[in-house]
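Q: Before we get to details, please show me the model and tell me how you are naming things.

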Amino acid sequence: MIRPLAAALLIVLIGAESAAAQTPRALAALDELRAAAGGLSDAHLREETLAGLQSRPCVRHRAGLTAADEDVILAALRADGLMPASADGVQAEVQRLTVFPPLADGAACPALPQPLESAPGGNAGSHHDWPGGLVDHEVFNLRLGLALADLYEAEDGLPVDRDAVIAAVLWHDWAKALVLVWNDDGSLPPERPIAGAGAHHVLGLAEAMARGLPEAEILAQACAHAAPIGDDQRTVQNWLRAAAIISRTAWTVPAVPTRECLISNAADDNWVHAEAAVHAADAALARLAPRFGYPAADGPAYRTRLRNPMLETLGADRIKALSDVEGDAGVERALRAAGF
């Protein structure tokens, strides 16, 4: 059963579709991502990336997948040591849901279970864990990746494959909209691993492979969590092997640290700052929550009517900065100005 987005994401809105239609910050971020995708020079990469940035895109690596296909894929992952053997039926079902999260019903190519622009950018307590956090995170990483490309081109006088850098950023966290689906109470489910990485990382690679994206992009995308240097070469190769099994495609290119790979890896480091920011923002919002009528102890009401909408509106970085410079008074003033 697909769980809808938590109620009242801005004021008192109900359901994922309503909230997604009324989040100007997230929609502006999504527009920036689509503009970057529209500027990709490779026609196939451009077409597939724009398709993937629709609000509820097809999940291509799940198209036409049967229960028997799922069994074959899970057996192959276990045989290759990319998932542990299941101890019992409960663990086997957990593994199945990790690799094959529930999708929207209907089409031959099923859609994401929630709008891309309403998805979080991290699991609970992690960076960008609010509605619209995914596109916020990707926009920052996109800007950072392009700035790094400029710096490295200036340093060595050779062009960077900007298609690979841009698309790697746009696709790397895409599957968080598949894995981290909002519960009705404004909470998030845990993210379990595939091949030692959060499931979104490998499932995003599987989607890129299923869409036939260029090898340079897929390698740069794989490098977001680790560059294939030293012991991490095997790690990155395992992610690629797992993604190839899940997408039912072949992968023969070795994982080597291309310039685009290293830029992709550095561009994803925004999470370090962002995780500190969300912890500081959470503390400030919890202190202020009683003044807005929804103390943190209220749980679901606090999350759906206050915490998540406030983070969606201002972002954790701004709340932390205001708290650092102006204290709770500055945060409260900004929230009141935003209509809370």
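A: Helices are DSSP runs of H or I with at least four residues, numbered from the N terminus. This is a predicted model, in which local features need pLDDT of at least 70 and side-chain atom pairs count only at pLDDT 80 or more, while totals for chains, interfaces and linings use all residues. Residues are numbered from 1 along each chain as its sequence is written, and side-chain values use heavy atoms, with hydrogens and water left out.

Q: Which helices line the second largest pocket?

A: H2, H6, helix H13 (270-288) and helix H15 (316-337) each supply at least two residues of that lining, and the largest share, four residues, comes from H6. A pocket is an open set of 1 Å grid points where a 1.4 Å probe fits, with protein on both sides within 12 Å along at least five of seven lines, and lining residues have an atom within 4 Å of a point.

Q: And which lining residues lie nearest its centre?

A: Of the 15 residues lining the second largest pocket, Arg25, His128, Asp136, Phe140 and Asp317 lie nearest its centre.

Q: Switching topic, how many residues are in the largest nonpolar core?

A: That core has 66 residues, and Leu77, Ile194, Leu240 and Ile246 have the most contacts inside it. Its members are buried Ala, Val, Leu, Ile, Met, Phe, Trp, Tyr and Cys residues joined through side-chain atoms within 4.5 Å, buried being under 20% relative accessible area with a 1.4 Å probe, protein chains only.

Q: Which helix gives the largest share?

A: H11 does, with eight residues of this core.

Q: What does Leu240 touch?

A: Not counting residues up to four places away in sequence, Leu240 touches Leu205, Met209, Ile218, Leu219, Ala222, Trp251 and Ala255, contact meaning heavy atoms within 4.5 Å.

Methods
Buried < 20%, exposed > 50% of the residue type's maximum accessible area, 1.4 Å probe, protein only.
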